[in-house]
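Please read the following briefing with the sequence and the coordinates at hand.

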Amino acid sequence: MNDKMKKIKISPIRKGTVIDHIRGGQSLKVLKILGLTDVEIKDVVSIAMNVDSSVGKKDIVKVENKEISSDELDKISLISPETTINIIRDYEVIKKERVKLPERGKGIVRCRNRNCITNQKEPVEPEFKVISSKPVNIKCVYCEREMREEEITENLL
Ligand code: CTP
Ligand code: ZN
C-alpha cells in the first residue's frame, strides 16, 4: 500500500462540513453537540476516532449537508479548542477556520452549582468566563463555581 492510501481513513465528501483535529476520543461529544445522537439521521455522517496526526491522536467527523451554528462552534471549542471546521462544496475545501474558545459564553453551559442564581426560578441566563484552555476550565460569573472538561460536557445546554 502506498503512503497516500495509508492516509485515507474516510471518504471525501461532496458538500457539507468536515470537523477535523478534534481531540482524540471526543468525537461522540461533538455529535451530541450537533444534535446527531438521538434523531434519525438521513445524511451521510462519517466518524474516525484516534487516527494519527502530526500532533498525536485526533478524531474527525464529516457531515454532509450540514452547517454549524455559532453556538455549536462555541460548544465544540469548549471540549476541543484545536478543532478546525472545513466547509466543503463540490469536493473542495472552500473555507477553513479554527474554532475559537470564547472569553465568555452565555446560555451555553448550565452552572453545576444547584444553588447558583442561574438555577433558581430567576430569569438569569448562565454565563461563564474561560480561565484556562488546556485543560479547559471555566468559571460561573455569578457564583464563581469552576467546571472542568467532564462537567462542561455534562452541562452543555
Ligand atoms: N475533506 C473531505 N472531503 C473533501 C475535502 C476535504 O472530507 N471533499 C477533508 C480532508 O480529509 C481533511 C479536511 O477535510 O480531513 C481538510 O481538508 P484539507 O484542507 O484538504 O486537508 P489538510 O490540508 O490536511 O487540512 P489541515 O491543514 O487542516 O490539517
Ligand atoms: Zn453559578
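Asparagine 65 sits in the loop between β3 and α3 (70-79), where helices (H or I, at least four residues) and strands (E, at least two) are DSSP runs, numbered from the N terminus. This is a predicted model, in which local features need pLDDT of at least 70, side-chain atom pairs count only at pLDDT 80 or more, and totals for chains, interfaces and linings use all residues. Residues are numbered from 1 along each chain as its sequence is written, chains are lettered from A and ligands numbered from 1 in the order in which they are written, and side-chain values use heavy atoms, with hydrogens and water left out.

**Backbone geometry**

- Asparagine 65 has a positive phi of about 55° although it is not a glycine, and with a relative accessible area of 41% it is partly exposed, given that buried means under 20% relative accessible area, exposed over 50% and partly exposed in between (1.4 Å probe, protein chains only).
- Aspartate 90, in the loop between β4 and β5, likewise has a positive phi, of about 45°, without being a glycine, and its relative accessible area of 59% makes it exposed.
- The peptide bond from lysine 134 to proline 135 is cis, with omega near 0°, and proline 135 belongs to the loop between β7 and β8.
- As background to these items, most residues other than glycine have a negative phi, and most peptide bonds are trans.

**Overall fold**

- The protein has four helices and nine strands, which run α-β-α-β-β-α-β-β-β-β-β-β-α from the N terminus on.
- The C-alpha trace spans about 60 × 30 × 25 Å along its principal axes, and 41% of the 157 residues count as buried.

**Ligand 1**

- The shell around ligand 1 consists of Pro12, Ile13, Val18, Asp20, His21, Lys62, Asn86, Ile88, Tyr91, Val93 and Lys96, a residue being counted if one of its heavy atoms lies within 4 Å of the molecule.
- By class this shell has six nonpolar, two polar and three charged residues, where Ala, Val, Leu, Ile, Met, Phe, Trp, Tyr, Cys and Pro count as nonpolar, Asp, Glu, Lys and Arg as charged, and the others, Gly among them, as polar.
- Taken alone, ligand 1 exposes 610 Å², of which the protein buries 62%; accessible areas come from the Shrake-Rupley method with a 1.4 Å probe, and for residues only the protein chains shown count as cover.
- β1, β4 (84-89) and β5 (92-98) are the elements that give two or more residues to this shell, and β1 gives the most, with three.

**Pocket and cavity**

- On a 1 Å grid over the protein atoms alone, a cavity is a set of points where a 1.4 Å probe fits but cannot get out, and a pocket is an open set with protein on both sides within 12 Å along at least five of seven lines, lining residues having an atom within 4 Å of a point.
- The second largest pocket holds about 200 Å³ of space, with grid points joined across faces, edges and corners and a volume being the space filled by probe spheres set on the points.
- The lining of the second largest pocket divides into two nonpolar, four polar and five charged residues, and β1 gives the most to it, with three residues.
- One cavity of 30 Å³ or more is counted, and the largest cavity has a volume of about 50 Å³.
- The lining of the largest cavity has seven nonpolar, no polar and three charged residues, with the largest share, three residues, coming from β8.

- Glutamate 127, in strand β7, is one of the residues that line the largest cavity and counts as buried because its relative accessibility is 15%.
- The side chain of glutamate 127 makes a polar contact with the side chain of arginine 104 at 3.2 Å, such a contact being a pair of N or O atoms within 3.5 Å; within protein, one must be able to donate a hydrogen and the other to accept it, and residues adjacent in sequence count only if both atoms are side-chain atoms.
- Asparagine 113, in the loop between β6 (104-106) and β7, is buried with a relative accessible area of 14%, and a polar atom of its side chain lies 2.9 Å from the backbone nitrogen of asparagine 115.
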